[in-house]
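Please have the sequence and the 3D view open as you read.

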Amino acid sequence: MDNVMGIINNNPQGISLKEITGHRSLASAPVFSRYRLIDFPLSNMVNSGISNVGILLESRFRSLLDHIGPGKPWGLDTKRDGLFLLPPAHIYDNSQLYKGDMENFYTNMDYLHRSRQEYVIVDYPFVICNIDYRDVFSYHLETGADITVVYKDLETLHRDSHYTTIMTDSEDRVVDMKINPDTRRNTRISLKKYVMKKDLLLEMIDETVSKGQWDFEKNGIASRLSQYDVRGYPFHDYVAIIGSLSEFYRRNMELLQPEIFSELLEEQGPIYTKPKDEAATQYTPSSRVKNVLAANGCHIAGKVENSVLFRGVKVGENTTIKNSIIMQKSQIKENVRLENVILDKNVRVSPDKELRGDSSFPLIVEKGSTI
Amino acid sequence: MSSKEVVTMLLAGGKGTRLGVLTKNIAKPAVPFGAEYRLIDFPLSNCMNSGLDTVGVLTQYEPLVLNSYIGNGSSWDLDSRDGGVTVLPPYLSDSGGRWYQGTADAVFQNIQYIDLYDPDYVLVLSGDHIYKMDYSLMIEEHKEKGAEASIAVREVPWEETYRFGVMITDEEDRIKDFQEKPDEARSNLASMGIYVFNWPLLRDYLEADAADPESDRDFGKNIIPTMLEDQRQLYTYQFSGYWKDVGTIKSYWQGHMDLLREEGKSLDLYDRDWVICSVNPNRPPQYVAETAEVSNSIINKGTRIRGSVKNSVLFYGSEVARNAVIKDSVLMPNVSVGEGVHINKAIIGQNSVIERDALIGSGEDEELEVTVIGEGERIEDGEEIEHGSAIGI
């Protein structure tokens, strides 16, 4: 895999997760008790032996930079290759409007030219899975395809999420590809992992940009299926597409199922994240906890059921939390009732409050709020 | 090499004989503590939080785990451009080589290392106590008093003085006399084994001590008494926070139980202004299942709890199956506990497997002694281990 580099494309593709991404990029959205979305593509890449990773930044990337730093948790703080943070075009010229992710590729063509690898994998952070790219890459070499796209057949597509659907022929050749089509009939979806030669990517950038086309998936791939030999690589393990708030809620809750937990976090390569030097989680004599995932640094004195707690959460005495997601450092005082609620980071809930959402429509409380 | 005001020498070569099976394969400072840490994390984190960035770690006994744990010191911000952490095992030189004969000899053999930084002061620490202390305050007081050597002390109950070296001081905290483990103590100010020395002075004393064939090469037994005889300016520095020597099985177990007491009675590990750092093991979050009961416990990531855990401390990566009951115990990393197992007042070593229905720590509740299972042991189906046993010697 020394000959493959990774590009993480942070194009949010119109995903509406604004409740969580209002102040941060989609890639740094907290997920699964102790991770951020970007941890998954980054860990998958380093676990597969990729040592050169470029991250195409979009807007609001402060929290993303803070999380990634020089890439040390992923072993990417190296002299040879390593991690490259690639700023978007519009910060160089603020008279320009953002046109699309191809513009970000275009702005950073130097990086692509300069990299010594011959192949590239383009990935998106909001499609989460634990995948070994080595298998995808050998399949790519075997078939001799121009582009290989990883896909999965889902059981149902949710109305409010975002999907790229594909159709393949008997030889796994991609014959049709639609980015977020309105109909939800075709459930074969692209996992937005694209393998190709770097030269082909460079050619694609040149061809689209010079014609005023700015979308990597739509203009670069979907509309060139007759020009390039695009093949599908089927993936069978667990996948979470964090394409909407209800998907975000559902997927986090789903991790409470031990089989899904193992499939995503234990059976394949480890998922790395930024370490925080938190002490272990403390349960007081009055705590009652059932079916809960918790990160470190929590202090739990109340009752917590079917919930996901991030780092440093405090739960007061006589408080009951059910079916909820509580993000980093939120504090819930005594005698509080929470049900079907998402609390973003640093939310404080004063004593005796009651917050209730619906299981299909969780109540979300913005970062830093006090209730 | 740019010069440093203070160089810290951390004594980490001890075997920790009294910890028995817990130090069979590792040096005492590498013994896990507090669900997330190893003992050496406490002095190293104190250095970081005190702004001390040049630390020599003196290793000797079973150094492999300790060396790889310390690494380049980045976990404690000690991978700095100037200084940082340097692991100092005994070495061969032109004049031969030998093991460290004692605490003073370990520092004596590394005079060259200290001289590299040409410091004004040398701080000497040991790597096996649990406490949070701002060493910069001690160094500040050392300077203010015009001391040549300062010894950190804390008040202990009079009935415990026989276990310590105690300092007899005047109103200005100047040390007048010194008693080592006295039967009739004249003071209850016990030495904590933390010293600040003016480096040029200590250098002379170390050299003189090395030339004395009668010496035990020990700070407490030789260097300090000789300085007192010579009427050097020796002062105490009083410390009043939580401090625990976890050098015996019982005190190691008690140190963990202290963590489970109400706030304020033990070490606050959750204080963001004085963070204790460690080499974070990367593990998924902890999972507490529907069938679990967890109370008054500290549990680290990567664990799966399906049974009952009470008054216990669990390190990372352990699994507790259904109907297992863990009480008043410490589970070190990656312990597997089978269904129906009962563990009572025990310390279970890393990677040990306790098979189903085993009973560890059997006996009458009131007088249970701590039971210890060593590293990588397997306790078979239904086996019963009597309280106070140590398995794996």
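The report below covers the cores, the cysteines and the interface.

This is a predicted model, in which local features need pLDDT of at least 70 and side-chain atom pairs count only at pLDDT 80 or more, while totals for chains, interfaces and linings use all residues. Residues are numbered from 1 along each chain as its sequence is written, chains are lettered from A and ligands numbered from 1 in the order in which they are written, and side-chain values use heavy atoms, with hydrogens and water left out.

**Cores**

Let's begin inside. A nonpolar core is a set of buried Ala, Val, Leu, Ile, Met, Phe, Trp, Tyr and Cys residues joined through side-chain atoms within 4.5 Å. Buried means under 20% relative accessible area, exposed over 50%, and partly exposed in between (1.4 Å probe, protein chains only). The largest nonpolar core has 103 residues, and Ile55(A), Tyr194(A), Met204(A) and Phe216(A) touch the most other members. Helix 7 of chain A (residues 198–209) gives the largest share of this core, 6 residues; helices (H or I, at least four residues) and strands (E, at least two) are DSSP runs, numbered from the N terminus. Apart from it lies another core, of 72 residues, including Leu267(B) and Phe315(B).

Contact means heavy atoms within 4.5 Å. Leaving out residues up to four places away in sequence, Tyr194(A) touches Val120(A), Tyr124(A), Met177(A) and Phe216(A), among others.

**Cysteines**

Over all chains, the structure holds 0 disulfides (pairs of cysteine sulfur atoms within 2.5 Å). The sulfur of Cys298(A) is 18 Å from the closest cysteine sulfur, in Cys277(B), so it is too far for a bond.

| Residue | Relative accessible area |
|---|---|
| Cys129(A) | 1% |
| Cys298(A) | 0% |

**Interface**

How many residues of chain A are in contact with chain B? There are 39, and they meet 36 residues of chain B. The two chains bury about 2900 Å² between them, 44% of it on carbon and sulfur atoms; buried area is the accessible area (1.4 Å probe) that two parts lose on being put together, summed over both. Asp277(A), Gln282(A) and Tyr283(A) supply 22% of the area that chain A buries against chain B, more than any other three residues.

The rule finds 2 salt bridges across this interface, each a side-chain nitrogen of Lys or Arg within 4 Å of a carboxyl oxygen of Asp or Glu. Glu278(A) and Arg272(B) meet in a salt bridge through their side chains (3.5 Å, N to O). Strand 15 of chain A gives the most to the side of chain A that touches chain B, with 6 residues.
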